[in-house]
Amino acid sequence: MTMNKFDDAPASQRSMILRAAETILSGGLVVFPTETVYGLGADALDASAVRGIFTAKGRPSDNPLIVHIADLEDLERVTRHASSIARDLFARFAPGPLTLVMPAHPDLAPAVSAGLSTVAVRFPSHPVAIDLLRACGRPLAAPSANRSGEPSPTTVAMARASLGDAAGVYLDGGPCRVGLESTVASIIDDVVTILRPGAVTAEDIEAAVAGIRVRYATLVAAQPSPSPGLRHRHYQPRAEVFTVEARDFEHARLADLSKPMGILGRRADIEVWRGSFAAVRDAADVTEYARNLYRWFAELDALEVSTIVAVMPPADGIGLALRDRLERASGNNRID
Ligand code: TXA
Ligand code: MG
């Protein structure tokens, strides 16, 4: 086992992580923090534990899970073959919010891959996730720690509110730094296809490996979908969400919407209109917007706001991932 910060962690946190590792090894479920969102983890080699994840989330069985590992040597336990591009990308981005689709190892529980021959793999960077992975010594299958269809939790309280006592242990690692799920990408020959945009962008990947080509999957057109989970309804709060482009916002016909309304956006974009809304959540920049989006959804639901207007960020950097989640949350309801 590799030495890490775990050895210096306070005794109470150490004992929580040991309890969580025991829970995993006895086939149970553990909620744990990552830098993106909280995950609901189970031993990826234990078929019945993995089935427990699908039950706890109410997740359709055709939607595969991401397998989390802490050390590059563990790649061999989860994939039959790591291509040189995959190795290069992990050398650059692991640990961090990049998930790569690779040929699945036969020892993985079949439900992890939902019938596909591939597995999605990532190295979380949150120290509590790394401690848990090393303490249990198993790859962890973990989707986001929410009931299927709901926004992903970015605090342990949100995970608990969504899953109740479905998990045996909840590890608290504070609010997630990124706030949106990892970038999911597949590699075929030397083309990288981004199936779900996240904090690691196409430009980041192109800059990391010489000669590589990166494209975004055209998610709606693809049949069958390259990433089954993207077909399902996702990331939706109870309130109805509408998106609006910042440039259209001043002229938008907001009066057509039902009240009471909440508004989300970058501070500079919403300034003119803030007085017209029952609840305002604003961010200094797009990184802060991404980090807070799901918590704001939860807060506005708690305030029983019936309509949420989300002002779109520019389509670059993490803004692309944020726009993707807002489009899904709104079911493509747009104001113009
Ligand atoms: O940031 C994250 O990725 C978080 C944290 C907990 O790591 N996890 C997460 O998992 O968002 P989940 O299950 O909510 O989303 C996994 C996504 C889904 O869109 C799923 O369809 C896709 O990854 N996926 C998983 N395995 C796949 C595979 N073999 N091929 C293509 N897509 C796959
Ligand atoms: Mg999810």
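This is a predicted model: local features need pLDDT of at least 70, side-chain atom pairs count only at pLDDT 80 or more; totals for chains, interfaces and linings use all residues.

Modeller: Let's begin with D43, which is found in strand β2 (residues 39-43). Residues are numbered from 1 along each chain as its sequence is written, chains are lettered from A and ligands numbered from 1 in the order in which they are written, and side-chain values use heavy atoms, with hydrogens and water left out.

Back to D43: its relative accessibility is 5%, so it counts as buried (under 20% relative accessible area; over 50% is exposed and in between is partly exposed, with a 1.4 Å probe and protein chains only). Leaving out residues up to four places away in sequence, D43 touches I24, A49, V50, R138, P139 and L140, where a contact means heavy atoms within 4.5 Å. With R138 there is also a side-chain polar contact of 3.0 Å. That term covers a pair of N or O atoms within 3.5 Å; within protein, one must be able to donate a hydrogen and the other to accept it, and residues adjacent in sequence count only if both atoms are side-chain atoms. By contrast, L89 is 46 residues from D43 along the chain, and their C-alpha atoms are separated by 25 Å.

Now zoom out to the sheet. Strand β2 pairs with β1 (residues 30-32) in the antiparallel sense, over three bridges; two strands pair if DSSP finds at least two bridges between them. Strands of a sheet pair through backbone hydrogen bonds, either parallel or antiparallel.

Next stop: strand β14. Six of its six residues are buried, so β14 is largely enclosed by the rest of the structure. T307, V309 and V311 point one way from β14, while I308, A310 and M312 point the other way.

Packed against β14 is helix α12. The buried residues of α12 pack against β9 (191-196), β11 (240-245), α11 (286-302) and β14 (307-312). Helix α12 (residues 318-330) has 13 residues and reaches 18 Å from its first C-alpha to its last, close to the 18 Å expected; the expected span is 1.5 Å times one less than the number of residues. Of those 13 residues, 11 are buried, so α12 is largely enclosed by the rest of the structure. After α12 comes G331, with a positive phi near 55°.

One of the buried residues of α12 is R325, and its charged end sits over the ring of Y235, 5.5 Å from the centre. That label needs NZ of Lys or CZ of Arg within 6 Å of the ring centre and within 35 degrees of the ring normal.

That brings us to the rings. There are four aromatic pairs: rings of Phe, Tyr and Trp (its six-membered ring) pair if their centres lie within 6.5 Å, with planes under 30 degrees apart called stacked, over 60 edge-to-face and the rest tilted. Y235 and Y294 are stacked, 6.1 Å centre to centre with 15° between the planes. Y235 lies in the loop between β10 (213-216) and β11 and Y294 in helix α11, so the pair ties together parts that are 59 residues apart in sequence. Ring pairs also link Y235 and Y294 with F297 into a cluster.

Definitions and conventions
Helices (H or I, at least four residues) and strands (E, at least two) are DSSP runs, numbered from the N terminus.
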